[in-house]
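Here is a short report on a protein model. Please look at the fold before reading on.

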Amino acid sequence: MSVDLSTTIAGVKLPNIFFNASGVWCQHESELNDLVKSESGSLITKSATLEPREGNPSPRYQALAHGSINSMGLPNEGFEYYLDYAKRYDYNASSKPLFVSLSGLKLEDNVAMVTKFVEADLPCVLEINFSCPNVPGKPQLGYDLEGMSKALRTLAPIIKKPFGIKLPPYFDIVHFDQVAEICNAIDNLAFLTCVNSVGNGLAIDFETETALIKPKDGFGGLGGQMILNTALANVNAFARRLKAGKQVIGVGGVTSGKEAFLHVLAGASAVQIGTQLKEEGPAVFARVKRELEEIMVAKGYKSLDDFRGKVKTL
């Protein structure tokens with residue numbers, strides 16, 4: 001039995017549901033081209049700021065037993081680098097749509113960046129990052145509901161086309177309700193990417209009694225397998241609350257086809273991979289794609305629609 005892993009996000013078709021989480025394997029053109037050559041269904045750029053950033057001091061990433069901790073601090077080449085890449089991207093030759101992540105340090109920066117992309121009139125899809133937990137002195141906009149609402153009401157009319165936002169994890173049911181209400185009010189907000197890393201964990205080496213990363217006295221975002229259940233909860237909570245036509249991209253804890261299946265079962269329309277991509281490289285996409293196909297065959301599912309959002313409750 002053959003299975004169909006294709007999906008559509010913001011009106012563009014992906015040959016399969018997998019792509020990188022913004023921040024991993026996507027800062028430089030060579031990395032983005034690796035993703036083009038891989039078996040991912042799409043690719044997204046590094047979250048771009050108005051000007052290039054070196055990010056936080058090293059060591060700023062550490063693999064852990066069940067995931068990772070990082071405090072990268074938004075290192076990127078500046079939005080014009082990714083705008084140039086988007087202008088040169090061969091949308092016809094590649095079956096993979098291009099997503100571009102923008103993460104202005106203030107609203108005015110995001111306005112300036114999206115305006116330039118709108119003026120370029122490209123087929124790429126914008127994702128605005130409201131959730132980086134690792135820039136000292138810059139709180140996550142996703143936890144400032146009034147500020148997030150203002151930003152969306154400002155940016156959406158400029159962007160005009162369908163776009164998405166990347167959100168931090170939420171832990172309170174009332175926050176799911178409040179964020180969904182904000183997002184449902186924006187007609188061209190097409191998708192939410194859930195979740196970014198779980199902010200401000202602390203990993204300590206038992207032998208040396210020392211924090212494993214340098215920035216922020218060792219505090220950093222947690223990712224990988226340890227955040228799977230938090231990610232699934234956020235995916236499902238928003239999939240249940242969003243208006244018809246709005247979608248959720250699941251990210252967090254995907255190490256194999258099994259976790260990808262669970263993300264779709266929770267309601268995800270696409271799945272991004274971060275920590276496992278960092279550790280395994282772009283070959284991860286061929287493996288998880290094959291594993292998901294095998295799971296679907298074993299369960300008798302022919303397409304993602306057969307089980308998307310159909311998690312059973314007691």
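Predicted model: local features only at pLDDT ≥ 70, side-chain atom pairs only at ≥ 80, totals over all residues.

Residues are numbered from 1 along each chain as its sequence is written, and side-chain values use heavy atoms, with hydrogens and water left out.

**Pockets**

A pocket is an open set of points on a 1 Å grid over the protein atoms alone, where a 1.4 Å probe fits, with protein on both sides within 12 Å along at least five of seven lines; lining residues have an atom within 4 Å of a point. A volume is the space filled by probe spheres set on the points, which are joined across faces, edges and corners. In the linings, Ala, Val, Leu, Ile, Met, Phe, Trp, Tyr, Cys and Pro count as nonpolar, Asp, Glu, Lys and Arg as charged, and the others, Gly among them, as polar.

| Pocket | Volume | Lining by class |
|---|---|---|
| Largest | about 810 Å³ | 19 nonpolar, 24 polar, five charged |

The largest pocket is lined by 48 residues, and Ser22, Gly23, Val24, Asn70 and Gly274 are the closest to its centre. Helices (H or I, at least four residues) and strands (E, at least two) are DSSP runs, numbered from the N terminus. Helix 8 gives the most to this lining, with four residues. Strand 5 (61-64), strand 6 (67-70), strand 14 (219-223) and strand 16 are among the elements that each supply at least two.

The second largest pocket has 20 lining residues; Gly104, Leu105, Pro139, Gln140 and Leu141 lie nearest its centre. Here helix 4 gives the most, with three residues.

**Cores**

A nonpolar core is a set of buried Ala, Val, Leu, Ile, Met, Phe, Trp, Tyr and Cys residues joined through side-chain atoms within 4.5 Å. Buried means under 20% relative accessible area, exposed over 50%, partly exposed in between (1.4 Å probe, protein chains only). The largest core has 77 residues, and those with the most contacts inside it are Leu102, Phe163, Ile165 and Phe238. Apart from it lies another core of eleven residues, including Leu14, Phe19, Ala190 and Ile249.

**Helix 9**

Helix 9 (residues 284-299) has 16 residues and reaches 23 Å from its first C-alpha to its last. That is close to the 22 Å expected at 1.5 Å a residue, taken as 1.5 Å times one less than the number of residues. Its buried residues include Val284, Phe285, Val288, Leu292 and Met296. Charged side chains are on that list too: Arg287, Lys289 and Glu291. The cover over the buried residues, by contact (heavy atoms within 4.5 Å), includes strand 3 (18-20), helix 1 (29-37), helix 7 (257-266), strand 16 (270-273) and helix 8 (275-280). Gly300 follows helix 9, with a positive phi near 80°.

**Backbone exceptions**

Most residues other than glycine have a negative phi, and most peptide bonds are trans. Where are the exceptions?

A cis peptide bond joins Ser58 and Pro59, with omega about 0°. Pro59 lies in the loop between strand 4 (43-44) and strand 5. The bond from Cys194 to Val195 is also cis, with omega near 15°. Val195 sits in the loop between strand 10 (189-194) and strand 11 (198-202).

Glu209 has a positive phi, near 60°. It is exposed, with a relative accessible area of 69%. Asp217 has a positive phi of about 55° and is exposed, with a relative accessible area of 69%.
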